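Please read the following walk through one structure with the coordinates open beside the text.

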Amino acid sequence: MTAPSATARATLAALLLAGPALAGLAGVPLSATSSARAADSARYVEGMGDVPVMPGLAPAEEAPLVFDKPAGRIAQSVMAGAMDRNAVLSFYNQTMPQLGWSRAPQRAGGSASFLREGEELRLEFVEPAPATDVRATVQKAAATVVRFSLIPR
């Protein structure tokens, strides 16, 4: 079997690089493609790889922190939503084992921990930050705030 010629490799590379533009010309708007990709990535907790976001949770005001170290990655993200803590715990207790995480012993304060391949994922329930106006106070009073922390183990 012979290797493809330089011309064939160059043509293939050009087609691969032009793929998104060709998709736009074929009737699939580029903005729809990129927004679908953004919606798909929004289904996972930022910086945590394959940790899904429970429906109803959304990123809180705080920006996620992500550090890659030789000993492992450290990531922290805060999500909030108008739901019960038990519903959050139930969702992650059912979902995380399907992704290869095992449940660690129950933590204090009703939080949860999961272990996988030298990493620990902690879900901790925190109090919402104080609000400055009345409407924000009412919205935050109904919110459950979850801090996701990923640390090397």
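A residue is called exposed here when its relative accessible area is over 50%, buried when that value is under 20%, and partly exposed in between. The model is a predicted one, and in it glutamate 127 has a relative accessibility of 64% and is therefore exposed, whereas arginine 85, at 34%, counts as partly exposed. These two residues form a salt bridge in which the closest N and O atoms are 3.8 Å apart; the pair links helix 3, where arginine 85 lies, to the loop between strand 6 and helix 4, which holds glutamate 127, across 42 residues of sequence.

A search of the whole structure finds six salt bridges. One of them joins arginine 73 and glutamate 119, with the closest N and O atoms at 2.8 Å, and it connects strand 3 with strand 6, the partners being 46 residues apart. Here arginine 73 is partly exposed at 23%, while glutamate 119, at 13%, falls under the 20% limit and so counts as buried. Glutamate 124 and arginine 147 also meet in a salt bridge, at 3.4 Å from N to O; because the former lies in strand 6 and the latter in strand 7, the pair ties together parts 23 residues apart in sequence. Glu120, Arg122 and Arg153, in turn, are linked in a network of salt bridges.

The largest nonpolar core has 22 residues, and those with the most contacts inside it include Val51, Tyr92, Phe114 and Phe148. Strand 3, helix 3, strand 5, strand 6 and strand 7 each supply at least two of its residues. Beyond its neighbours within four places in sequence, tyrosine 92 is in contact with residues including Val51, Leu57, Phe114, Leu123 and Phe148.

How values were computed:
Residues are numbered from 1 along each chain as its sequence is written. This is a predicted model: local features need pLDDT of at least 70, side-chain atom pairs count only at pLDDT 80 or more; totals for chains, interfaces and linings use all residues. Side-chain values use heavy atoms; hydrogens and water are left out. A nonpolar core is a set of buried Ala, Val, Leu, Ile, Met, Phe, Trp, Tyr and Cys residues joined through side-chain atoms within 4.5 Å. Buried means under 20% relative accessible area, exposed over 50%, partly exposed in between (1.4 Å probe, protein chains only). Helices (H or I, at least four residues) and strands (E, at least two) are DSSP runs, numbered from the N terminus. Contact means heavy atoms within 4.5 Å. A salt bridge is a side-chain nitrogen of Lys or Arg within 4 Å of a carboxyl oxygen of Asp or Glu.
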